[in-house]
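Subject: Structure handover

Hello,

Here is the structure for you to look over. My notes on what was found in it follow below.

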Amino acid sequence: MKIQFLGASQTVTGSRFLLKHGATTVLVDCGLFQGFKNLRLRNWAEFPIAPEKIDAVLLTHAHLDHSGYIPLLVKRGFRGPIFATRATIDLCGILLPDSGFLQEEEARLANKRGYSKHHPALPLYTAEDAKHSLDSFKEVSWKTSTTFTRNGAGRFEFEFHAAGHLLGAASVVVRAGSSSVAFSGDVGRVSDPLIRDPQPNFAADHLIIESTYGNRRHPETDPEEEIREIVLQTHAKGGVLLVPSFAVGRAQLVLYYLHRLRRRQAIPRLPIYLNSPMAAQANRAFAAHASELKLAPGELASIWENVHIVSSSEESKALSEKTDPAIIIAASGMATGAF
Ligand SMILES: [Zn+2]
């Protein structure tokens, strides 16, 4: 088996690893480069291998730096299956079309304001391209060996193991010939109150590990306590607490902390608004995969019992004029996409 690194090297986005065994070629993750412009420009470069020569994609999780290039790969000729867990497929159904929509918006604004060198400025892909790519996804079960081969020439065997981090996120062990390699994907913290802990119960000859935070230590503070202090300070001033948050994963975590604080009456019963239709969709995906969370049955539903979900732009505009004390979790417009 040969491995080629096509991204996430010397930077933490654009995860893509190409595996070759016999006549079969498999790509592990298919991420977008994100961040500064010089990185984002790399998304426009020709893919290092013709997409039609890739036979399958194994996707560790739904975050765009791992999945966001999929619509373009399909648009440029990839025709194979994309293997992922059910929860990852569900989250990609939310995140990829939104990524296409944001790119269309960016191109539209660039054309309107004339700040692009390209005339007309075009999106990398559209929401429609993204929806089309969803047809290629194939569900894999947790901890179950799946085999894939192109016409029997070069057989890959792989297994998905829970990696914490995000609903559906996996580490993937790939075996081919006499060797095996594990791709960690993004690995979550065991202290996450919502997402189940990583379960790295596997063996492999080689390990390729993502290390986004490899050069720093997480602070040992209690996020619930920090949120409590900020809510109380803002309430004491009679202000509105605005929480910018990625819509998928982080918004649910913030809501969970607020729910716990309300339940133990550590914060006043302020109205909570979730200003993102995408976060509301993500809530449904979390509910559909409650068995992969740490919460007791029923607890998940109670998290968003007192949350007002803002789904129209009129409602959203009205919120920005709000002056009564409230907590607003704003996912769109303030923090585009998910990371
Ligand atoms: Zn991630």
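**The four-stranded sheet**

An open sheet is made of four strands, in the order S12-S15-S13-S14, with parallel pairing. Strand S12 (240-244) and strand S14 (307-309) stand at its edges; each has a single partner strand, so one side of each is left without a neighbour in the sheet. On average, neighbouring strands of this sheet are turned by 20° against each other, direction ignored. Within the sheet, strand S13 (residues 272-275) pairs with S14 in the parallel sense over three bridges. Ile272 stands opposite Val307 in S14. As background, strands of a sheet pair through backbone hydrogen bonds, either parallel or antiparallel.

**Confidence**

Please keep in mind that this is a predicted model. The protein chain has an average pLDDT of 89, and 97% of the residues score at least 70. Over residues 334-339 the pLDDT is below 50, although this stretch has 21 contacts in the model beyond near neighbours in sequence.

**Two helix pairs**

Helix H6 (residues 223-236) packs against helix H7 (residues 250-263) at an angle of about 70°, and their axes are 10 Å apart. Angles of 65 to 115 degrees count as roughly perpendicular, and H6 and H7 are therefore roughly perpendicular to each other. On the H6 side the contact is made by Pro223, Glu224, Ile227, Arg228 and Val231, and on the H7 side by Tyr257, Leu258, Arg260 and Leu261. By class, the residues of this contact are six nonpolar, no polar and three charged.

Helix H4 (residues 86-113) and helix H8 (residues 277-288) cross at roughly 175°, and their axes come within 9 Å. That makes H4 roughly antiparallel to H8. Here Ala87, Asp90, Leu91, Ile94 and Asp98 of H4 meet Met278, Gln281, Ala282, Ala285 and Ala288 of H8. The contact of H4 with H8 divides into seven nonpolar, one polar and two charged residues.

**Individual residues**

Phe156 is in strand S8 (residues 155-162). Phe156 counts as buried because it has 24 C-beta neighbours inside 10 Å, where the cut-off for buried is 20 or more. Leaving out residues up to four places away in sequence, Phe156 touches His21, Thr24, Val26, Thr147, Phe148, Thr149, Val174 and Ala176. Phe156 and Arg175 are 19 residues apart in sequence, with a C-alpha to C-alpha distance of 5.8 Å.

Leu270 is found in the loop between H7 and S13. With 18 other C-beta atoms within 10 Å, Leu270 is partly exposed. Leaving out residues up to four places away in sequence, Leu270 touches His235, Pro325, Ala326 and Ile327. Leu270 and Ile327 are 57 residues apart in sequence and 6.8 Å apart in space, C-alpha to C-alpha.

Two backbone angles may be worth a look. Most residues other than glycine have a negative phi. Asp29, in the loop between strand S3 (24-28) and helix H1 (37-40), has a positive phi near 65°. Asp29 counts as buried, with 27 C-beta neighbours inside 10 Å. His165 has a positive phi near 70° and lies in the loop between S8 and strand S9 (170-176). His165 is buried, with 23 other C-beta atoms within 10 Å.

Regards

Conventions
Residues numbered from 1 in each chain as written. Predicted model: local features only at pLDDT ≥ 70, side-chain atom pairs only at ≥ 80, totals over all residues. Buried ≥ 20, exposed ≤ 12 C-beta atoms within 10 Å, placed from the backbone. Contact = placed C-beta atoms within 7 Å. Pairing = 2+ DSSP bridges. Axes fitted to C-alpha atoms, helices over the stretch in contact; angles between N-to-C directions. pLDDT = per-residue confidence, 0-100. Parallel < 35°, antiparallel > 145°, perpendicular 65-115°, else oblique. Nonpolar A, V, L, I, M, F, W, Y, C, P; charged D, E, K, R; others polar.
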